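Hello,

Here is the structure I promised to pass on. Please open it first, then read the notes below.

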Amino acid sequence: MNTTEKYKQEKHPLDVIDDVYEYAEEGLTFEEIEARAGGGEWERLKWAGMYAQKQEGYFMIRTKVPGGYLTPEQAEVIGECATDYAVAPEEYGGEQQNELWGDAYLDITTRQDIQKHWIRVEDVPELWERYDEVGLTTVQGCGDSARNVLGCPAAGLDDHECFNAQPVVDAVSDYFTGNREYANLPRKFKLTITGCAHDCAQSQINDIGLVPARKEVDGVRASEASAGSSEPRSDGEFLYGFHARVGGGLSDGPRMASELDVFIKPEDAVEFCRAVAQTFKELGDRHNRGVCRMRYLVQQMGPEKFEEAVRDRCTVDLPTAGTNMTVGYQGDHVGVHDQKQDGLKYVGFNVVAGRMGGEEFAEAARAAKKYGTEDASVRLATDQNFLITHIPEENVDDLLEEPFAQEYSPDPGPFSRGAVGCTGNEFCKYAIIETKQRTKRWARELDERIDVPDDVEAIRMHMSGCSASCAQPQIADIGFRGETVKLDEEGKIVEGMDFGLGGALGADNDFLDWIENAVPADAVIPALEQLFEAYAEERDEGEKFYQWARRTDNDRLRTIMQGADAPVARGVAHGD
């Protein structure tokens, strides 16, 4: 049994929530917490949504937002709590602790969560109380349990949606949150559920991905057996529901999810997800944390045997699969878009690397109330951006004049539009390099320096500070993974990164190739300039960057990169 598993067996991880109230009331320091509860408490605190920062005495706290859906009231509270609690002490720079964002900011994550830094344990109960008033939680935002359930951020809005799956997202999230029976799994358990034909919720890289499907049923019309939507789609005698994909994930062992031969009615989605969790709970490897993610179990058993194990544990009938309704992958909602409700728009705002001020986020929430209808909402997207919905067409221009909209423009350059960054070594104990500031600066600089073909709206550039893949580099046009680099000429150690090209999800899914290892950070932008000059000259009509990178030989891509006019074109990974 590994050490983390031992800590989870010593005390049920959800019991740590009561401990937090005690620690806060008594004002305990980190040393006093460890003296009382042992080193395992830092692991168990993850079930409260709290990660100990690298700066001792402070936490990152993660807010779960199922499907990315927030009411304006909820979004305003999140922003105000960042302003009030996510404040750095003077010894770490205070209001000037971050050169680009200052202080009191929040991060939108690739799992539609909100993260705040510099949280003190004594402030957590008050933060939770404010959250409770509007129906928010941090419980199981982290830890070896069901994480935030992903969904399409435009659920209920777009015409290409097969049906609105947000009620199913909420039901599955409600079932697992606080559920003691399924709170202690072998490892983290990631779910995504969507009724969108464009798979915005990334089913291919999650432990469970439910995607829209239909199945012909004799004597049952779609209008009588819909997918829970208030406006079901009907084109004959069909039942609308989900197909299932299982065992996807990134990190050190990336794997695309496998299809199961099952059709899941919306009302059975909770039970299906429970049965998968039960299978993982019983059969997952609890001894070696390096190989106990569910994707390894699916790989070892094979999809057919895994499906059989799920059926054995499921209490509802699971018919065989019907017709898949997914047509591709989008994952980008930046810009002004028509809603299927007449006269209404939703606006996708671009947050480079996902970070913005708490007060700015609260301003966006107030703008949703000011300019939107009573159904207005704030939605978080898996590309670290956010939407404001239900805006009457005549109010869009006024919304876009708001101060926050100038910084987080819905009409960004292609690199800014596709830029994703993890937390980085500013706060994370595992990250090797700084990511947030670098991602934002690079995206803005690349938009200035590189002429991208007019038909290319976004270049997906994802930067992870280590191999854990929190920024999902494997599915990006351009992916970076943090390294320390020893420069050839001087032997000096600098920040650098592995450099990959050609990742994508959807019908054309594939992970990128790591083209070059240990590239010094200063050499990256010149290398990208060379790559995009070659891309512009050689691309076929309509060809996307990842498609060009895939059909171009890796040796030639390296040659193009190494020909850049950079201070040092290449380095050597530290320790090689």
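**Salt bridges**

Asp498 and Arg481 pair through their side chains in a salt bridge, 3.1 Å from N to O. The term means a side-chain nitrogen of Lys or Arg within 4 Å of a carboxyl oxygen of Asp or Glu. Asp498 sits in strand S19 (residues 493–501) and Arg481 in strand S18 (residues 478–487), so the pair ties together parts 17 residues apart in sequence. Helices (H or I, at least four residues) and strands (E, at least two) are DSSP runs, numbered from the N terminus. Asp498 is buried, at 4% relative accessible area. Arg481 is partly exposed, at 22%. Buried means under 20% relative accessible area, exposed over 50%, and partly exposed in between (1.4 Å probe, protein chains only).

A word on the source. This is a predicted model: local features need pLDDT of at least 70, side-chain atom pairs count only at pLDDT 80 or more, and totals for chains, interfaces and linings use all residues. Residues are numbered from 1 along each chain as its sequence is written, and side-chain values use heavy atoms, leaving out hydrogens and water.

How many salt bridges does the structure hold? The count is 47. One of them joins Asp455 to Arg539, with the closest N and O atoms 3.2 Å apart. Asp455 lies in the loop between helix H15 (436–449) and strand S17 (461–464), and Arg539 in the loop between helix H16 (524–538) and helix H17 (545–551), so this pair ties together parts 84 residues apart in sequence. Asp455 is partly exposed at 46%, while Arg539 is buried at 18%.

Asp540 bridges to Arg551, the closest N and O atoms being 3.9 Å apart. Asp540 is in the loop between H16 and H17 and Arg551 in helix H17, so the parts tied together are 11 residues apart in sequence. Asp540 is partly exposed at 44%. Arg551 is partly exposed too, at 45%.

There is also a network of salt bridges. It links Lys6, Glu10, Lys11, Asp19, Glu41 and Arg44.

**Backbone**

Two residues other than glycine have positive phi. Ser251 has phi near 60 degrees. Ser251 is in the loop between strand S8 (238–246) and strand S9 (258–259), and is partly exposed at 22% relative accessibility. Gln384 has phi near 70 degrees. Gln384 is in the loop between strand S14 (378–380) and strand S15 (386–392), and is buried at 3%.

Best wishes
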